[in-house]
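Q: I have a structure open and would like to talk through its architecture. Could we go over it together?
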Amino acid sequence: MAVAIVILLIALGSIAFHFWSPWWWTPIASNWQGMDDTILLTFWITGFVFVAICAFVAYCVWKYRYQKNRIAEYKPEDKKLETRLILITTLGVIALLAPGLLVWNNYISVPDNAYKVEVVAYQWGWKFRLPGKDGVLGKTDIKLINDENPFGLNLEDSYGKDDLLVDEGELHLLLDRPVKFELRAIDVLHNFYVPQFRGKMDMVPGMITYYWITPTRIGEFEILCAEYCGTGHYAMRGLVIVDKEKEYNKWEAKQITFDKMFAKNKNNKNLQLAKNTK
Amino acid sequence: MSDEYEHKLEAKSDYVSDASSGTSASDIDKLPPAELPDQELYHSHSWWTTYVFSQDAKYIGVQYACTAIGTGILGLVLSWLMRLQIAFPGLGLLEPSAYYQFVTMHGMIMVIYLLTALFLGGFGNFLIPLMCGSRDMAFPYVNMVSYWMFLVAVLVLLSSFFVPGGPTGAGWTLYPPQAITSGTPGHNMGIILMLVSLVLFVAGFTMGGLNYIVTVLQLRTRGMTLMRLPLTVWGIFVATILALLAFPALLVGGLMMTLDGLLGTSFFMPVIVSMGEQLKYEGGSPILFQHLFWFFGHPEVYIVALPAFGIVSDLISIHARKNIFGYRMMVWAIVGIGALSFFVWAHHMYVAGMNPWFGFFFATTTLIIAVPTAIKVYNWILTLWRGNIQLSLPMLFSLGFIVTFLNGGLTGLFLGNVTVDVPLSDTYFVVAHFHMVMGIAPVLVVFGAIYHWYPLITGRMLNETLGKIHFWITFVGSYAIYFPMHYQGFIGVPRRYFEIYDSPYIETSTMGLNVFITVAALIVGAAQLLFIYNLISSARLGKKAERNPWKANSLEWQTPEMPPAHGNWGKEMPKVYRWPYDYSVPGAKEDYIPQNVAPSAVTEAKVEKS
Amino acid sequence: MNKFFKTLAEKPWEESQAKIDNEHLGKTLSLSKYKLGLRTIMVVSTIIFSFFIIAYADRMLIHDWRSMPEPWLLWANTGILILSSIMFHLTKIASDRQHNDKIKKGLYLIGFLAYTFLFSQLLVWYQLLNSGYYAATNPANAFFYLFTALHGLHLIGGLYFLGRTTSKFLRNNSKVQEIQHTIELCAIYWHFLLAVWIVLFGLMLFT
């Protein structure tokens with residue numbers, strides 16, 4: 001009896017917890033409401049299954065508790081019932097999968113009007129690069145990274161000269177404009193994750209990965225690295241600030257182009273000292 | 001020719017003088033009986049070869065179990081330290097590097113050295129020969145060597161605590177490049193020792209797996225068809241096949257990473273700038289490692305889950321005095337889950353940066369595999385329906401399994417659906433999911449199984465009061481630990497974080513949740529000490545068990561002596577006349593009919609035609 | 001395969017099925033347990049080598065791949081393996097016919113060939129390392145050392161069993177029956193290793 005009650009309490013308690021606990025997802029700030037909706041649908045279906053089966057178990061444990069003169073049913077099989085259960089389960093699975101795959105299709109199809117922002121991850125911080133006036137990001141190579149050229153831009157690529165380099169781990173984004181994040185890592189795996197944006201993707205050295213979002217809310221959001229990258233993994237934080245166009249342009253104007261930064265580094269006395277080229 | 005030779009040796013193991021069977025494939029009966037020993041049993045002559053270097057699968061099983069559980073206790077202690085750090089960061093208990101080392105060792109120990117070793121090496125060795133009706137495993141010497149290789153693997157793993165740099169802190173998934181670059185603890189010796197330990201483990205388990213496969217396929221007793229095997233054997237058998245096919249992937253990945261670390265090859269290492277300097281690697285692919293690792297890693301979770309499924313089916317059936325519902329479907333489901341498990345691995349890599357089109361494929365296969373798993377759940381609860389349920393400890397733990405596995409399996413549906421995995425991957429939702437479905441549910445089965453088979457192994461019963469306390473704290477406590485944790489994942493709290501500290505959007509109440517979870521974890525941990533005490537003290541002081549105390553049908557309870565002696569069956573091998581689920585057969589005198597009871601002894605029982 | 005599905009479709013609780021099942025001898029396959037064990041090992045090994053080959057095929061497409069030189073010793077070693085397989089075949093025939101002398105000579109020769117092979121492989125390593133072809137220099141090198149090392153380890157494993165067979169044969173006054181099946185098993189294993197070598201060697205030759 002106690003067992004049945006506890007099982008029932010667990011099921012009902014879980015429901016209660018779900019609705020009344022203060023812990024729920026962070027308010028969404030991007031266009032990926034579809035992910036949230038799919039999660040809600042999954043909650044309804046799995047929640048129903050969980051309560052139904054727990055209730056059934058509780059009922060059986062109570063109703064069919066051991067009695068000396070009770071004889072259990074002897075029924076090795078019930079083809080009809082089993083077939084029906086398989087069918088219902090398959091339908092349930094399809095109901096979950098179909099919307100999920102639709103949203104995934106959107107996630108991997110970047111809209112044509114998305115502007116590009118490169119995110120560079122390193123142990124343990126974030127750097128960013130914007131395409132600048134020519135709208136194209138210059139080519140990079142990890143082999144080219146050195147003190148003067150911390151982003152590893154290819155000096156022969158003219159598109160790279162006007163790229164804006166953001167070194168302080170704070171990225172600004174335009175409100176209501178789709179943006180494609182081109183993700184790079186220079187040492188180990190990282191993952192560019194902002195919980196309010198819902199999207200994430202690993203960053204693999206030697207590859208350029210991507211995902212896209214449309215920010216839908218003004219605000220300051222924290223970047224959390226979401227792929228274990230060594231002892232500083234938890235401390236690898238940054239900031240994303242979603243701005244209206246005016247504020248964004250102000251911020252963009254303050255950023256340094258690659259040309260200027262490279263020239264400055266070349267003349268940097270400290271660097272020259274460190275590299276013995278003074 | 002060699003087959004004939006084989007038959008000569010095994011002639012004694014077939015029931016020779018049965019009057020009814022003079023037909024069919026009985027050429028064996030016509031061969032003269034071989035001299036002792038049949039089935040090439042090794043008879044030990046010294047204390048060392050009986051209790052230490054034993055070739056008897058029952059002893060080897062106990063050795064595996066003790067080593068696995070001992071290592072598991074270490075893993076448990078590590079988890080306490082980790083949880084204390086998370087909940088009370090102000091205490092400054094651990095450095096980040098130590099924290100990550102504990103995270104890694106905890107994970108690897110629990111998955112591989114506890115669960116896999118316990119289910120396959122522990123339960124497999126003890127139960128397979130007995131349930132199949134054979135005297136021992138097919139290759140007892142190799143079986144013995146497999147245990148010692150396992151022990152050496154454990155020792156090598158533990159030795160990594162004592163080398164400069166300490167054990168690896170790369171996470172149990174050991175992803176390159178970070179596993180062997182300087183930002184990760186233990187990137188020098190620690191990771192190498194871990195990989196060496198894994199290679200030894202795989203070698204040992206291939207030897208063991210060889211035994212389980214050959215014994216189940218070829219060494220069953222007369223009358224024991226595959227479909228008359230208890231589901232416990234089916235679970236362990238298919239899990240072993242998975243292990244033999246999946247561990248090579250881990251071996252390959254491990255070997256290549258060892259070379260990357262030791263010799264500077266670039267199997268997995270691309271061009272890297274680490275801590276300001278260009279490393280000498282180039283051209284390797286970190287994603288290749290992930291493919292190899294998860295090709296092993298996903299079947300691995302089924303290697304843990306399938307034996308649990310099989311065992312719990314038997315526990316429920318025996319303690320509800322009712323045949324398992326849908327035996328054929330259960331077998332099909334085990335085989336189906338096993339086969340499908342090789343096609344879902346990249347659902348661990350949805351956000352790893354692989355070709356996004358793979359997401360469609362793997363999400364589909366992953367949700368397909370939910371169907372046979374769901375069928376098993378239905379069949380377990382349909383076994384309870386119209387049963388005669390004894391709330392013994394094995395049954396209590398089985399019920400606990402159903403609830404927790406259901407929960408964990410359902411949250412898997414969230415993660416398997418690729419688009420839902422995007423916000424939830426690498427958060428505490430994943431941690432909660434896999435603990436619930438791998439850590440709690442199968443471990444509840446382990447407990448239930450130990451309470452169930454303890455009398456067979458030791459001849460005594462475990463203390464029931466201690467057991468009940470152990471059950472309630474463990475079941476309710478574990479659920480309290482992991483259910484709320486899912487919601488941390490919804491908030492977006494990432495996993496493998498040493499500290500959350502001042503984050504503008506994570507409410508302070510999450511820290512409160514952390515404290516709650518840690519306290520619950522410590523309480524549940526303490527309850528396990530009760531269990532260990534029960535295990536040890538009952539071996540001497542426990543109530544003496546009567547023969548076949550649970551009135552079960554399967555062969556392991558039908559040996560002439562309990563605990564079974566060397567050779568299991570005495571002079572005559574058993575003969576099987578029925579499947580193991582003849583419980584509450586209409587018309588029968590008792591509510592159980594053991595497998596080796598001849599039809600002539602139960603003529604009043606009327607078996608229903610399906 | 002069909003038999004497998006049919007087996008899983010049986011209804012063990014039915015009386016008619018039970019009558020059939022009672023006659024069952026407890027074996028599913030008509031193999032000796034040793035043959036089954038060997039086949040299992042061969043399957044596992046094949047999977048291991050297949051994974052390496054997949055990794056190899058994936059890696060060789062990257063532009064920095066440089067093929068290794070082909071020391072003539074490798075061809076000689078291939079020849080030794082082929083010779084060993086032939087010897088095993090002859091020795092097996094001899095064991096069927098119980099020509100004890102031939103068996104003894106065969107076993108010794110195969111053992112000698114195996115040791116020669118291993119020594120010669122090490123010689124190849126020595127040559128290549130001396131010429132600067134280290135494992136870390138190029139992925140093709142890394143795979144070469146990996147492949148040859150694994151193949152060699154498998155051979156050492158086989159040598160262990162061959163050694164046990166030979167000593168058993170000599171101890172028991174050359175009673176052939178005891179080791180007939182072991183010779184057959186070792187022969188199968190040796191043929192398997194030859195096949196593995198041909199695949200690996202061929203792969204490396206053509207890339």
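The conversation below goes through domains, the chain interface and helix packing.

Q: What kind of model is this?
A: It is a predicted model.

Q: Into which domains is chain A divided?
A: Chain A has domain 1, covering 2-64 + 79-108, and domain 2, covering 115-275.

Q: And what separates the centres of domain 1 and domain 2 of chain A, taken over C-alpha atoms?
A: The separation of those centres is 39 Å.

Q: How many residues are in contact between domain 1 and domain 2 of chain A?
A: Nine residues of domain 1 of chain A contact 14 residues of domain 2 of chain A. On the domain 1 side, six of the residues are nonpolar and three are polar, with no charged residues.

Q: Which feature does UniProt place at residues 112-254 of chain A?
A: The UniProt record, an unreviewed entry, gives "domain: Cytochrome oxidase subunit II copper A binding" for that stretch. In the model, residues 112-254 of chain A are 7% helix and 38% strand.

Q: Changing topic: how many residues of chain B are in contact with chain A?
A: There are 97 residues of chain B in contact with 82 residues of chain A. Helix α11(B) supplies the largest share of the chain B side, with 13 residues. By class, the chain B side comprises 61 nonpolar, 27 polar and nine charged residues.

Q: At what angle do α10 and α11 of chain B pack?
A: Helix α10 (residues 327-340) and helix α11 (residues 357-384) of chain B pack at about 155 degrees, and their axes are 9 Å apart. That angle is over 145 degrees, so α10(B) is roughly antiparallel to α11(B).

Q: Is that crossing left-handed or right-handed, and which residues make the contact?
A: The crossing of α10(B) and α11(B) is left-handed. Among the contact residues are Met329(B), Ala333(B) and Ile337(B) of α10(B), together with Ile368(B), Pro372(B) and Lys376(B) of α11(B). The residues of this contact comprise nine nonpolar, four polar and one charged.

Q: How do the axes of α7 of chain B and α3 of chain C cross?
A: The axes of α7 (residues 189-218) of chain B and α3 (residues 33-59) of chain C come within 10 Å and cross at roughly 135 degrees. Helix α7(B) is therefore oblique to α3(C). The crossing is right-handed.

Q: Which residues make that contact?
A: They include Leu210(B), Ile213(B) and Leu217(B) of α7(B), and Leu36(C), Thr40(C) and Val44(C) of α3(C). By class, the contact of α7(B) with α3(C) has seven nonpolar, four polar and one charged residue.

Key. Residues are numbered from 1 along each chain as its sequence is written. Chains are lettered from A and ligands numbered from 1 in the order in which they are written. This is a predicted model: local features need pLDDT of at least 70, side-chain atom pairs count only at pLDDT 80 or more; totals for chains, interfaces and linings use all residues. Axes are lines fitted to C-alpha atoms, for helices over the stretch in contact, and angles run from 0 to 180 degrees between N-to-C directions. Helices (H or I, at least four residues) and strands (E, at least two) are DSSP runs, numbered from the N terminus. Angles under 35 degrees count as roughly parallel, over 145 as roughly antiparallel, 65 to 115 as roughly perpendicular and the rest as oblique. A crossing is left-handed if the near helix is turned anticlockwise from the far one by less than a right angle, and right-handed if clockwise. Two residues are in contact if their C-beta atoms, placed from the backbone, lie within 7 Å. Ala, Val, Leu, Ile, Met, Phe, Trp, Tyr, Cys and Pro count as nonpolar, Asp, Glu, Lys and Arg as charged, and the others, Gly among them, as polar. Domain bounds come from an automatic or database domain assignment. UniProt positions are given in the numbering used here, feature names are shortened, and annotations may be inferred rather than shown by experiment.
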